[in-house]
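Morning, everyone. Let's take a quick look at a protein and its ligand. Have the structure up on your screens, please.

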Amino acid sequence: MPKIIQSIKAMQQQVKTWRKNDHLVGLVPTMGCLHEGHLSLIREAYKHADKVVVSIFVNPTQFGPNEDFAQYPRTFEEDIEKCLKEGVHAIFNPTIEDMYPVPQTTWVDEEELSKGLCGASRPGHFRGVTSVVTKLFNACLPDVAVFGQKDAQQALIIKKMILDLNFSIDMIIAPTVREYDELAMSSRNLLLTAEHRLNAPQIYQFLKQIPKSNVRSTRTLQQNFAEKMSAIGGQVDYFSVVSKDSLLPIEEIEEENTLIAVAVRMGPVRLIDNIFI
Ligand code: AMP
């Protein structure tokens, strides 16, 4: 059974005990409602660490006032079972009061990579993410932390934050795990209507055909994507073609340096996906 640890002090104590025995500690930060994508990160963590901590915390400070914090799916009992099967040593599951005991007035804010894509449509989101990941790093004191490529912008921002703030943590980015019909796995998929769930795989179907097609213009791709999404009841939040390192916009797709990232609203559910060219 994984140890379920709620307090930051107890978590730090546990890691210090492991470290005394020369164990390397891996952290997989999540918001719970675990699926195969999360489990693949746990398996990746075990390749680099002796003890793996999965944090489960739905972080209020990364949700905007009109976003789905209250609706975000919470399945803690099932999550424990899944962690048990993966041999996870500890689940760090603090309450909001544990993480934010007093009104927080100190924040970690990455200022460049956070500007576009999800940062543009979700103001303050990445400030919440970098701040909570810093707090999770300080609570779980990992040697290695694993994040998913599905959140490509988030992964890049955290990588930069680790560099900028001298965290002594190796970051690993693991590939996106997909459903049988290639929809990127996401806790939010559970909130889709049956019809939207049926059509949502078309997001990745569109992305997947880009490298094979002759269309190279970002504008044309944006128009084609918007039409395709509109036909299936989706609304494009953004379709961005950017340099994979700087996230700066690219007008014509180049070989080997391009990230295409999208966000689509299907009803109240916002889905993201991406592909590297
Ligand atoms: P979340 O619980 O959605 O905040 O995600 C926690 C971690 O799991 C993040 O590093 C995500 O990038 C990663 N993740 C989420 N979905 C997937 C997926 N389908 N494949 C791989 N990693 C994922």
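By class, how many residues of the shell around the ligand are nonpolar, how many polar and how many charged? The shell has 8 nonpolar residues, 7 polar ones and 2 charged ones. Keep in mind that this is a predicted model.

Let's stay with the ligand. In total, 17 residues surround the ligand. The closest are His38, Gly148, Asp151, Val177 and Met185. Find those five on your screen before we go on.

Where does the shell come from? Helix H2 gives the largest share, with 3 residues.

Start with aspartate 151. One of its polar side-chain atoms lies 2.7 Å from an oxygen atom of the ligand. Next, histidine 38. An N or O atom in the histidine 38 side chain is 2.9 Å from a ligand oxygen atom. Then methionine 31. Here the backbone takes part: an N or O atom of the methionine 31 backbone lies 3.0 Å from an oxygen atom of the ligand.

How much of the ligand does the protein bury? On its own, the ligand exposes 480 Å². The protein buries 93% of that.

Zoom out to the domains. The domain assignment gives domain 1, residues 3-174, and domain 2, residues 187-276. Their C-alpha centres lie 26 Å apart. The two domains are in contact: 20 residues from domain 1 and 18 residues from domain 2 take part.

What about the area buried between domain 1 and domain 2? That area is about 1,600 Å². Carbon and sulfur atoms give 62% of it. On the domain 1 side, look for Leu117, Lys150 and Leu156. Together they supply 32% of the area that domain 1 buries against domain 2.

Over to you for questions.

Note on methods: Residues are numbered from 1 along each chain as its sequence is written. This is a predicted model: local features need pLDDT of at least 70, side-chain atom pairs count only at pLDDT 80 or more; totals for chains, interfaces and linings use all residues. Side-chain values use heavy atoms; hydrogens and water are left out. A residue is near a molecule or strand if one of its heavy atoms lies within 4 Å of it. A polar contact is a pair of N or O atoms within 3.5 Å; within protein, one must be able to donate a hydrogen and the other to accept it, and residues adjacent in sequence count only if both atoms are side-chain atoms. Accessible areas come from the Shrake-Rupley method with a 1.4 Å probe; for residues, only the protein chains shown count as cover. Helices (H or I, at least four residues) and strands (E, at least two) are DSSP runs, numbered from the N terminus. Ala, Val, Leu, Ile, Met, Phe, Trp, Tyr, Cys and Pro count as nonpolar, Asp, Glu, Lys and Arg as charged, and the others, Gly among them, as polar. Domain bounds come from an automatic or database domain assignment. Contact means heavy atoms within 4.5 Å. Buried area is the accessible area (1.4 Å probe) that two parts lose on being put together, summed over both.
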